[in-house]
Amino acid sequence: MEEKNETVTAEETLRTPEPRAAGGHSQIAIITGASSGIGREFARQIDRLKEVDEIWIIARGLKKLDETREELDTPVVQFPLDLTKKESFDNIREALLRQMPIVKYLVNAAGYGKFGSTTELTLEESEGIIELNDRALVTMTGLAVPYMVGGSHILHMGSISAYMPLPDFAAYAASKAFVVSYSYAQRAELKPKGITVTAVCPFWVKTAFFDRVANANATRIPEKYRFMSSPDHVVKKALKAAKKNKPVSINRPAAKCLHVAAKLLPKRVVIALWRGMQKRQRSEKEAKI
Ligand SMILES: NC(=O)c1ccc[n+]([C@@H]2O[C@H](COP(=O)([O-])OP(=O)(O)OC[C@H]3O[C@@H](n4cnc5c(N)ncnc54)[C@H](OP(=O)(O)O)[C@@H]3O)[C@@H](O)[C@H]2O)c1
């Protein structure tokens with residue numbers, strides 16, 4: 001392992017002429033969305049595992065990436081990048097090429113959702129969800145897999161909503177259905193190489209996700225988020241699932257019940273139940289006014 005607390009910016013990495021681990025490849029973890037919530041918690045817990053020489057953390061805001069870095073003992077490389085922009089990936093591609101590391105963990109945790117119907121959301125909002133939750137996840141994975149070996153782990157942030165078509169959260173839920181399907185197929189592809197792929201599918205998690213979730217015009221935003229988990233619990237379970245080579249990590253019984261119900265029930269019933277919840281919450285709100 002390299003010296004602790006060494007911090008390297010993406011720019012410095014690009015200037016590094018040779019692989020930095022003398023006599024071998026350094027082992028790294030790459031975590032998108034590591035400046036907040038679940039991604040930051042992955043950084044903390046992977047740091048504690050002491051399995052990698054460096055943690056590469058990616059998100060738009062440098063200040064919050066700094067906060068993540070300050071919490072970690074493992075040397076960190078920060079990539080303050082907007083992953084909805086294709087050119088952002090050039091930085092990561094070049095850093096990988098220069099350093100030729102072994103990617104021990106890839107965690108695709110950057111993502112967001114917006115409540116609102118098709119007409120309430122702007123096209124930019126709907127497209128942005130897919131750009132980040134799906135396209136960026138696929139690109140990041142495509143870049144990292146050539147650097148992965150037997151015993152490497154990929155964790156994709158899905159959601160329990162992956163199993164349910166959700167009116168007023170349609171693009172988000174569909175973007176997560178993509179993640180789960182992609183994850184299952186990729187798992188089969190990478191099995192011969194000994195690389196595990198796990199889709200992490202929690203119910204609500206207490207993070208900054210909810211600061212960004214409301215569209216200004218949305219008329220049906222949930223009033224209450226029941227059965228909230230902590231990022232700590234979600235990540236603990238997810239890393240355990242990856243080590244056991246599980247296809248999906250669902251961290252709580254409530255989410256497991258939803259998962260089973262969503263698989264068994266016809267889609268129209270799932271939608272009717274969601275609509276019922278929306279209606280109930282709206283009447284409760286109106287009764288309070
Ligand atoms: N919270 C929940 O209830 C919940 C439930 C199920 C699944 N999930 C999924 O879990 C993942 C993590 O969400 P979270 O709850 O931890 O939310 P969060 O606290 O808001 O974290 C989202 C992360 O993504 C980064 N990000 C957002 N837009 C980005 C962009 N354009 N380019 C690069 N990075 C970007 C954010 O940093 P910057 O803003 O600085 O870029 C932040 O680090 C998401 O995929 C989410 O869909 C969340």
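The points below describe selected features of this structure.

1. This is a predicted model, in which local features need pLDDT of at least 70 and side-chain atom pairs count only at pLDDT 80 or more, while totals for chains, interfaces and linings use all residues. Residues are numbered from 1 along each chain as its sequence is written.

2. The largest nonpolar core has 70 residues. Such a core is a set of buried Ala, Val, Leu, Ile, Met, Phe, Trp, Tyr and Cys residues joined through C-beta atoms within 7 Å. A residue is buried if 20 or more other C-beta atoms lie within 10 Å of its own, exposed if 12 or fewer, and partly exposed in between, with C-beta atoms placed from the backbone. Ile31, Ile55, Ile57 and Ile58 touch the most other members of this core. In soluble globular proteins, nonpolar side chains tend to be buried together.

3. Ile57 has contacts, leaving aside neighbours within four places in sequence, with Ile31, Ala34, Ala43, Leu65, Thr68, Arg69, Val76, Gln78 and Phe79. Contact means that the two C-beta atoms, placed from the backbone, lie within 7 Å.

4. Helix α2 covers residues 37-49. Helices (H or I, at least four residues) and strands (E, at least two) are DSSP runs, numbered from the N terminus. After α2 comes Lys50, with a positive phi near 55 degrees.

5. The ligand is surrounded by 28 residues, the closest being Gly33, Gly37, Arg60, Gly61 and Gly111. A residue counts as near if its C-beta atom, placed from the backbone, lies within 6 Å of the molecule. Two or more residues of this shell come from each of α2 and α5 (123-144), and α2 gives the largest share, 3 residues.

6. Most residues other than glycine have a negative phi. Asp168, not a glycine, has a positive phi of about 70 degrees. Asp168 sits in the loop between β6 (153-157) and α6 (170-190) and is buried, with 22 other C-beta atoms within 10 Å.

7. Asn245 also has a positive phi, of about 60 degrees, and lies in the loop between α7 (231-243) and β8 (248-249). Asn245 is partly exposed, with 14 other C-beta atoms within 10 Å.

How values were computed:
The expected span of a helix is 1.5 Å times one less than its number of residues.
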